[in-house]
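Thank you all for coming. I would like to walk through one structure this morning, beginning with the chain as a whole and then moving to a few single residues.

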Amino acid sequence: MARTFDPIREMDRLLSEVTRTPATFAVPMDLYREGDDYTVAVDLPGVDPASIDIDVDDRTLTIRAERAAKVAKEAQWLSRERAMGTFARQLTLGHG
């Protein structure tokens, strides 16, 4: 099966690989309420649970975690699609 080459899409892909940082990646999250209880479920695959930090400052909830590569430093990457580094997600809480 022949694949067509799209230079614009390829340029976008290359540019995004060069310019993206861990801070630019979204941390998928679900937030829901049951009565007076609120639940936040955050997807952090590959993150060491010990690196997860949850902090509330005034009305801001911050969830921070770090994902590190688990391969030898001399390994030669053939494909690297998962971002490494520190990730953070902030939510503004209501009054009370």
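Let me begin with a term: contact means heavy atoms within 4.5 Å. With that in hand, among contacts in this chain between residues at least 6 apart in sequence, 38% join residues at least 24 apart. Please keep in mind that this is a predicted model, in which local features need pLDDT of at least 70, side-chain atom pairs count only at pLDDT 80 or more, and totals for chains, interfaces and linings use all residues. Residues are numbered from 1 along each chain as its sequence is written, and side-chain values use heavy atoms, with hydrogens and water left out.

The chain holds one helix and five strands, where helices (H or I, at least four residues) and strands (E, at least two) are DSSP runs numbered from the N terminus, and along the sequence they follow the pattern α-β-β-β-β-β. Of its 96 residues, 12% count as buried; buried means under 20% relative accessible area, exposed means over 50%, and partly exposed lies in between, with a 1.4 Å probe and protein chains only.

Now to strand β4, which spans residues 60-67 and includes R67. A polar atom of the R67 side chain does lie 2.9 Å from the backbone oxygen of P45, and, leaving aside neighbours within four places in sequence, the residues in contact with R67 include P45, G46, V47 and F87.

T62 is also placed in strand β4. Why does T62 count as buried? Because its relative accessible area is 7%. The side chain of T62 makes a polar contact with the side chain of Q90 at 3.1 Å; a polar contact is a pair of N or O atoms within 3.5 Å, where within protein one must be able to donate a hydrogen and the other to accept it, and residues adjacent in sequence count only if both atoms are side-chain atoms. Apart from neighbours within four places in sequence, T62 is in contact with D53, I54, D55, R89 and Q90.

Two loop residues complete the tour. A50 lies in the loop between β2 and β3 and counts as exposed because its relative accessibility is 71%; A50 and E66 are 16 residues apart in sequence and 9.1 Å apart in space, C-alpha to C-alpha. D58, in the loop between β3 and β4, is exposed because its relative accessible area is 72%, and phi of D58 is near 60°, a positive value in a residue other than glycine.
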